[in-house]
Each structure stands twice: as C-alpha cells, then as structure tokens.
Amino acid sequence: MDSLISWYADGDKRHYERRLFCADFITWQINFIYIRMEKIFGVVILFHPDNNVRANIDSYLSFVNKLIIIDNSEPATSHKISNFENNVALMTDGKNKGIAARLNDAAALAIAENASWLLTMDQDSFFEETHIKLYRQCF
C-alpha cells in the first residue's frame, strides 16, 4: 500500500509523518469486502414446465449473481422463459440428457466462472421473500 511522507516545521523542529493515502485505504477496504463476498450461481433444470415456472424463477433470481436455466425438454420449451435479465444463461439443445448430466454442466460453468456456491432449484420450487433474505444471511 502506498504511503505519503510529509515534512512540516514546528518551531525549530522538523517532523515528518507517514500517512496512508485515503484512496489507498478505501481501495483496501473495498478489496477486503470483495474478497469476503460470495459469488452465488443458481441452476434450474426444466422439463416441460408449466406456466408458473417464470414466477418461481423470479422468486430467487435476484438472490443469485447468475442463473443457469437448462431446458431438458424434447422439444425445447424455452418460449415459456424468455426475456430475462443479463444474469441469466439459457442452455437448450432440445435433448433430455437427464438431471445428473445437466447438473454437472451447470457445476462446470459455475466453476469456470469462479462461483463460490451453486443453488440448485426444481422448476416448481420458489422462495418466499422473507425466506430468501434469511437464507442469504447464511453466506
């Protein structure tokens, strides 16, 4: 961390003091806080979802840094889950590869993007607002 050495006169005595630049201290604080923040990804695997799937996803979307939506339907049903924010990755190939293979795909993506946690959700699962806030406090 850089420091500032300043000289000043006090009567006949000359003094110097070493002070941290304020900006350096603030940067250190921000870096410390950033290191402690958890990067949380989420995944939901779809298989012929019903019309409630969008509301279910919206209940936890703001909780995660990135949500991976994998459509495991044959044929793909991605039209039910369009128009999401930038923090959503939609993966669809029109094939049903099974839930384990899709969870492995999501885990590989989360690891590649340095996620700390991967929240796995079923297509019919949702969070109440108060519960998601309590859940987040655990991190």
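Predicted model: local features only at pLDDT ≥ 70, side-chain atom pairs only at ≥ 80, totals over all residues.

Mentor: Residues are numbered from 1 along each chain as its sequence is written, and side-chain values use heavy atoms, with hydrogens and water left out.

Trainee: How many helices and strands does the protein chain have?

Mentor: There are 4 helices and 6 strands. Helices (H or I, at least four residues) and strands (E, at least two) are DSSP runs, numbered from the N terminus. Along the sequence they follow the pattern β-β-α-β-α-β-β-α-β-α.

Trainee: What makes Arg102 count as buried?

Mentor: Buried means under 20% relative accessible area, exposed over 50%, and partly exposed in between (1.4 Å probe, protein chains only). Arg102 has 4% relative accessibility, so Arg102 counts as buried. Of the 139 residues in the protein chain, 27% are buried.

Trainee: Where is Arg102, and which residues is Arg102 in contact with, leaving aside its neighbours within four places in sequence?

Mentor: Arg102 is in helix α3, residues 99-112. Contact means heavy atoms within 4.5 Å. Leaving aside neighbours within four places in sequence, Arg102 is in contact with Ile45, Ile70, Asp71, Asn72, Asp93, Lys95 and Lys97. A polar atom of the Arg102 side chain lies 2.7 Å from the backbone oxygen of Lys95. A polar contact is a pair of N or O atoms within 3.5 Å; within protein, one must be able to donate a hydrogen and the other to accept it, and residues adjacent in sequence count only if both atoms are side-chain atoms.

Trainee: How do you know that the span of α3 agrees with its 14 residues?

Mentor: The expected span of a helix is 1.5 Å times one less than its number of residues. For the 14 residues of α3 this should be 20 Å, and the end C-alpha atoms are 20 Å apart, so the two agree.

Trainee: Which residues of α3 are buried?

Mentor: Arg102, Ala106 and Ala110 are the buried residues of α3. They cover an arc of only 80° around the axis, so they are on the same side of α3. The arc is that of the directions from the helix axis to the C-beta atoms. An α-helix has 3.6 residues a turn, so residues three or four places apart point the same way. On the other side of α3, Ala100, Asn104, Ile111 and Ala112 are exposed. The cover over the buried residues of α3 includes β3, β4 and β6.

Trainee: Is Asn114 buried or exposed?

Mentor: Asn114 has 61% relative accessibility and therefore counts as exposed. Asn114 lies in the loop between α3 and β6, and takes a positive phi of about 60° just after α3.

Trainee: What makes the largest nonpolar core a core, and how many residues does it have?

Mentor: A nonpolar core is a set of buried Ala, Val, Leu, Ile, Met, Phe, Trp, Tyr and Cys residues joined through side-chain atoms within 4.5 Å. The largest one has 18 residues, and those with the most contacts inside it are Val44, Ile57, Tyr60, Leu67, Ile69, Ile81 and Phe84. At least two residues of this core come from each of β3 (40-46), α2 (53-61), β4 (66-71) and β6 (117-122). The largest share, 4 residues, is from α2. A second, separate core has 7 residues, including Phe41, Ile68, Ile70 and Ala110.

Trainee: Why are the buried residues of α2 said to be on the same side?

Mentor: The buried residues of α2 are Val53, Asn56, Ile57, Tyr60 and Leu61. Their arc around the axis is only 135°, so they are on the same side of α2. They pack against β3, β4, β5 (88-92), β6 and α4 (129-137).

Trainee: Why is Asn56 called buried?

Mentor: Asn56 has 9% relative accessibility, so Asn56 counts as buried. The Asn56 side chain reaches the backbone oxygen of Gln123 at 3.0 Å.
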